[in-house]
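Take a look at this assembly of chains. The report below walks through its sheets, strands, helices and chain contacts.

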Protein chains: 4
Amino acid sequence: MLVLMKAGATEAQIREVCRKIEEMGYKAHPIPGATRTAIGITGNQGPVEAALLDDMPGVGECVPVSKPYKLVARELKEEGTIVDLGGGVLVGGNDLVVAAGPCAIESLEQALTIARSVRAAGARLFRGGAYKPRTSPYSFQGLGEEGLRILSEVRSEAGLKIVTEAVDRESLDLVERYADVIQIGARNMQNFSLLKAAGRAKKPVLLKRGLSATLDEFLMAAEYIMAEGNYRIILCERGVRTFADHTRNTLDLSVVPAVHRLSHLPIIVDPSHGTGRREKVLPLSRAAVAVGADGLIIEVHHKPDQALSDGHQSIFPSQFEHLMRDVRQIAPVLGRSIQ
Amino acid sequence: MLVLMKAGATEAQIREVCRKIEEMGYKAHPIPGATRTAIGITGNQGPVEAALLDDMPGVGECVPVSKPYKLVARELKEEGTIVDLGGGVLVGGNDLVVAAGPCAIESLEQALTIARSVRAAGARLFRGGAYKPRTSPYSFQGLGEEGLRILSEVRSEAGLKIVTEAVDRESLDLVERYADVIQIGARNMQNFSLLKAAGRAKKPVLLKRGLSATLDEFLMAAEYIMAEGNYRIILCERGVRTFADHTRNTLDLSVVPAVHRLSHLPIIVDPSHGTGRREKVLPLSRAAVAVGADGLIIEVHHKPDQALSDGHQSIFPSQFEHLMRDVRQIAPVLGRSIQ
Amino acid sequence: MLVLMKAGATEAQIREVCRKIEEMGYKAHPIPGATRTAIGITGNQGPVEAALLDDMPGVGECVPVSKPYKLVARELKEEGTIVDLGGGVLVGGNDLVVAAGPCAIESLEQALTIARSVRAAGARLFRGGAYKPRTSPYSFQGLGEEGLRILSEVRSEAGLKIVTEAVDRESLDLVERYADVIQIGARNMQNFSLLKAAGRAKKPVLLKRGLSATLDEFLMAAEYIMAEGNYRIILCERGVRTFADHTRNTLDLSVVPAVHRLSHLPIIVDPSHGTGRREKVLPLSRAAVAVGADGLIIEVHHKPDQALSDGHQSIFPSQFEHLMRDVRQIAPVLGRSIQ
Amino acid sequence: MLVLMKAGATEAQIREVCRKIEEMGYKAHPIPGATRTAIGITGNQGPVEAALLDDMPGVGECVPVSKPYKLVARELKEEGTIVDLGGGVLVGGNDLVVAAGPCAIESLEQALTIARSVRAAGARLFRGGAYKPRTSPYSFQGLGEEGLRILSEVRSEAGLKIVTEAVDRESLDLVERYADVIQIGARNMQNFSLLKAAGRAKKPVLLKRGLSATLDEFLMAAEYIMAEGNYRIILCERGVRTFADHTRNTLDLSVVPAVHRLSHLPIIVDPSHGTGRREKVLPLSRAAVAVGADGLIIEVHHKPDQALSDGHQSIFPSQFEHLMRDVRQIAPVLGRSIQ
């Protein structure tokens, strides 16, 4: 259930309703909206007795939630969530945000070279893995904290926000300290311990869709994070696993309008992992913006043939410029622009 | 193997090479290109003895084909095939073509009403089934030849080219007579008898990708048609079957650049079947144009709630206008426009 | 809707009810059961007016059908259908039937050699394609009618019933004439014209599940055949298409008990196509019998390396003997035996 | 690369080769086999210089490994690995082992009731979750350590070995302390941090296949565990995600012989999760044994309608008895029996 407060409800009234909910043994999640605040209720096994809340001052109405997810549901919050990364970088607003960078951080020089070029082309976030989940235990697993320190320097040197993946509790603590956005990868989308830990972190979370996750499971994974109190979540479509073999994964762009319909959370698209093929990144980036994505996350490498991972799907800086040029022209068709 | 003739090769030289190939027991497929003619060779079990052709006048070079498909391969013909439907309607050229209309032809009035509205919005082809392959034998199976007669009237009344599905040899003969483009549906993509019959038809073929067809199988299906001598084929992506349940099928837009890379054939996208949801047709149509499709095929119905089939995925004429407005703005980003 | 006649209803009463149904504009399908006859009604758009039938002599009750399929439903006929192929070969009864033979008929000598060895090991049906649906138009497409003549000779020489695939109307007519069971292949499972034609044939039909067919679609395909009046259908699971790449297809054995639950039709399993790997045929054959299949269909070739198609999934005659030995021991665990 | 020692190589020679490998900067994994010891080498980026090892006393030959996985490969160890759980319970030997129990541990009484009944029917392991990965954060998540204590009591009271799931580092430490086998669930199959931690644990690991894991990924996940030094791994097929909707997952039994071919590790089958339907557990259990699985893991509940999770796929104790009776008769066909 969720409680929709009246437009003019006071802070005190909201606090009082939350107090009442907690007193009933549940958890209250006040979510401010454009015109009014909604309070999500979690922790209940069965239906919540609405009668106890209905008549409280400031309460507009108590509405049952029709989906298994509550806090991520559009029902809770009509207008889209805007995740503010600071420095004017907003995800989910009218303007799109582009994140770019190498698959893995290899060295300061590599990171800075790429960061400067993607910055010049218009990226606002820098991506790059310090902890790499690899299919083989014998593959390069990332530089670890050293990689995070490099990312931190990239932020100050190149003026980009940083998004990087956390793969367990230890790396999550470090990523939270060094980065601006904590990425949870596709393979960990249902690593519920990690989701809960991310829910207790103080930084926004970029949650990638699992390789065979249904939309409901994807939103429920976000719900795990929100239920712990972290409401700043950016979803990310990165391709799903199908029988099709002309790309590494099948990019499911239809999930973008589907998420926008069911949830207030923003969603960006990763055409690099979504296709696994360099030459498909540009066309699918255009398509992702055209379908309505709130941003892109792109693998860029100045020497992809020497990349320690995923070189075949990284595009060259010049291709990234081309990509930015194209998507800048498509966004206005949807009444949007690129930040 | 294929024989690339020199740029200045004469008609007589081409004929002579074809004659020689037939004499060797094979079939010759001369395919004129922008600068030179290529001759595909089929009917061979093993490698063709190139030495017998290499020295003939006008022959540039004999190149082995690296793919299981030959005639549809980009190797055979560097520039894209343009399928000319007459009346200035070209599929595969610089400009995109949009086909629109109801799932099934229900009556002349229904067909004409929809045809006029989609024509006004910019469609050049009218789609509508006279023969409907339905999962249930008890569902409406189409008006048959009566439907084809209606389509024929739509052509003269509304000035639109007609594309409609053939489901067997009998309907193929009739569709060939009444329509401008013969559609082979997804369920029949590997109905090889039907493909061969379509290969002997004198009208262009719109070949839809099967629900679980790999790219190779899709191109091989087109090869079946070409091997019989019909070189005017338009491919169509219409969604594939996956575990994802937020759409009826998963629209695989990455297949568009993949087809363009491997084949010279044009490919259009059907976001109506590709999503099965009315509200997803607009965003996925934008994405299809942005990814580089050569056209769209859209289900439009003025009274979708009364449609005899697929009403839930048909858009309203006003939504179609909106769609056309959007895609007209996206095409120029790729240096293209809508016919 | 279906009409369940009383246990003691006379032939005349059944005829009278059918006559009444036809008079109402529908089609009547009387299906005799162990204790009483059920009459399926098709051809109705909405609900049938039961009141008109309820009081007729011999009518037990009129029951609405809860599934999209009617005639194939277990609701229509509680006991399993037994398809009698003549000569004591029954599919769907207590005992299992094994069909075996090469992928394609290559010559009389090849066919007879294999037929004799599989007959000796206990097969009762001989399989072998005269019409082969192949992904490539350049692959061996079968011997056609010559292949059917060979099959016919195999029947008299080796005393085996014959099952072979029809791919279109022409081949269906010939297969109906020469063979004992008409096979409809996976690629044609939704070739509705072919299904209807098979429904008008006088021979039993072996219907293979499509590569991405849901259970409902599979049963609806059988419904197409039954709706035309051919009630002798054997279903066949032959693997579905998934992301898994260690086998050619993923054999879905769970469909066997699912079919038995929902339908009265028998179902056999094809582990040769279901795995595409010779060394997997034996274990999956054991599993198919253990799961409750009504039979097996196995590719056997005495010289698989020289087979014109599917050699890699054909087992040797000695392996087939081993297979028969194993399944003969497993069947009794389910209270069954191998015919 | 791996070093195959001679049949008569001494312990000292093996130690010396390992020392040499470590000196070269790699990690040595001596794996004793029936007739000789193999030493896996990991930690190398490129090829290992075999010449330095070839001539050492006791070395038979140095063989390159042809697969991405090394330690789990059949190449390393020709005979199957037998995981000894103590008390005479062996997984992977000639005899099959059956694990059974509820989805989640709910109370001591529930656990003991079920444990006694499955013990009586022949189960040797007791399964039951104390930590439950659930799609929804609002679903019952297990009793945690309290559940582990109950499992511990079940062991002493009912004389069954205990297998239960660990979902993160904390629970892994506890599960290692209380249980006999540490289960890694399907959703965590590529939670590499957890895999590494399991690789450092002193108890055997039951590793479930991920919902969309290829065979290579499955084996690589096991390789993560072995690379850390824990060689006692039991694989488990539990169904994969496909388009098919008549079962919750599609049980892929072909992976059993595929694992046996490529790896020396034992593999058991979970038909409860593999189908998600009570009535399919018996037939698929029979099939799993017939295909060659080294054991089964079955959800059993005496009051499934009151189960806190997965009640619809839990079978009744009487059904479990029936199941054991059936599989006891099938195992001998493969020359095996049930422990």
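Two strands count as paired if DSSP finds at least two bridges between them. With that in mind, C:Phe126 stands opposite C:Ile162 in β9(C). Keep in mind, too, that this is a predicted model.

**Strands inside the chains**

Start with chain C. Strand β8 (residues 125-127) of chain C runs parallel to β9(C), and 3 bridges join the two. How well covered is β9 (residues 161-165) of chain C? It is mostly covered, with 5 of its 5 residues buried. The side chains of this strand point two ways. C:Lys161, C:Val163 and C:Glu165 point one way from β9(C), while C:Ile162 and C:Thr164 point the other way. All of these residues are buried.

Now turn to chain A. Strand β9 (residues 161-165) of chain A runs parallel to β10(A), again through 3 bridges. Here A:Val163 stands opposite A:Val181 in β10(A). Strand β10 (residues 181-184) of chain A is covered on both faces. A:Val181 and A:Gln183 lie on one side, A:Ile182 and A:Ile184 on the other, and all are buried.

**An open sheet in chain C**

Chain C also holds an open sheet of 4 strands. Their order is β2-β3-β1-β4, and the pairing is antiparallel. Which strands stand at the edges? They are β2 (27-32) and β4 (59-63) of chain C. Each has a single partner strand, so one side of each is left without a neighbour in the sheet. Neighbouring strands are turned by 20° against each other on average, direction ignored.

A helix covers part of this picture. Helix α1 (residues 11-23) of chain C packs on the sheet and touches β1 (2-5), β2, β3 and β4 of chain C. The direction of α1 makes about 155° with that of β2(C).

β2(C) pairs with strand β3 (residues 37-42) of chain C in the antiparallel sense, over 6 bridges. Within this pair, C:Lys27 has C:Thr42 in β3(C) as its bridge partner.

**A covered helix in chain C**

Next comes α6(C). This helix is mostly covered, since 7 of its 9 residues are buried. The buried residues are C:Phe192, C:Ser193, C:Leu194, C:Leu195, C:Ala197, C:Ala198 and C:Gly199. What do they pack against? Their partners are α5 (169-178), β10 (181-184), β11 (205-208) and α7 of chain C.

**Two helix pairs**

One helix pair lies within chain D, and another joins chains A and B. The table sets them side by side.

| Helix pair | Angle | Axes | Crossing |
|---|---|---|---|
| α4(D) and α5(D) | roughly 15° | within 10 Å | right-handed |
| α10(A) and α10(B) | about 155° | 7 Å apart | right-handed |

Take the pair in chain D. Angles under 35 degrees count as roughly parallel. The axes of α4(D) and α5(D) cross at roughly 15°, and these helices are therefore roughly parallel to each other. D:Glu145, D:Leu148, D:Leu151 and D:Ser152 in α4(D) meet D:Leu174, D:Val175 and D:Tyr178 in α5(D). By class, this contact has 5 nonpolar, 1 polar and 1 charged residues.

The pair between chains runs another way. Angles over 145 degrees count as roughly antiparallel. The helices α10(A) and α10(B) pack at about 155°, which makes α10(A) roughly antiparallel to α10(B). From α10(A), the contact takes A:Pro283, A:Leu284, A:Arg286, A:Ala287, A:Ala290 and A:Val291. From α10(B), it takes B:Pro283, B:Leu284, B:Arg286, B:Ala287, B:Ala290 and B:Val291. These residues divide into 10 nonpolar, no polar and 2 charged.

**Where chains meet**

The contact between chains A and B takes 32 residues from chain A and 32 residues from chain B. On the side of chain A, α8 (255-262), α10 (278-291) and α11 (317-330) each give two or more residues. Which element gives the most? It is α10(A), with 8 residues. The side of chain A that touches chain B has 16 nonpolar, 10 polar and 6 charged residues.

Chain C touches chain B as well. That contact takes 24 residues from chain C and 24 residues from chain B. On the side of chain C, α6 (192-200) and α7 (215-227) each supply at least two residues. The largest share, 5 residues, comes from α7(C). By class, this side of chain C has 10 nonpolar, 8 polar and 6 charged residues.

Methods:
Residues numbered from 1 in each chain as written. Chains lettered and ligands numbered in written order. Predicted model: local features only at pLDDT ≥ 70, side-chain atom pairs only at ≥ 80, totals over all residues. Axes fitted to C-alpha atoms, helices over the stretch in contact; angles between N-to-C directions. Parallel < 35°, antiparallel > 145°, perpendicular 65-115°, else oblique. Left-handed = near helix turned anticlockwise from the far one by under 90°. Contact = placed C-beta atoms within 7 Å. Nonpolar A, V, L, I, M, F, W, Y, C, P; charged D, E, K, R; others polar. Buried ≥ 20, exposed ≤ 12 C-beta atoms within 10 Å, placed from the backbone.
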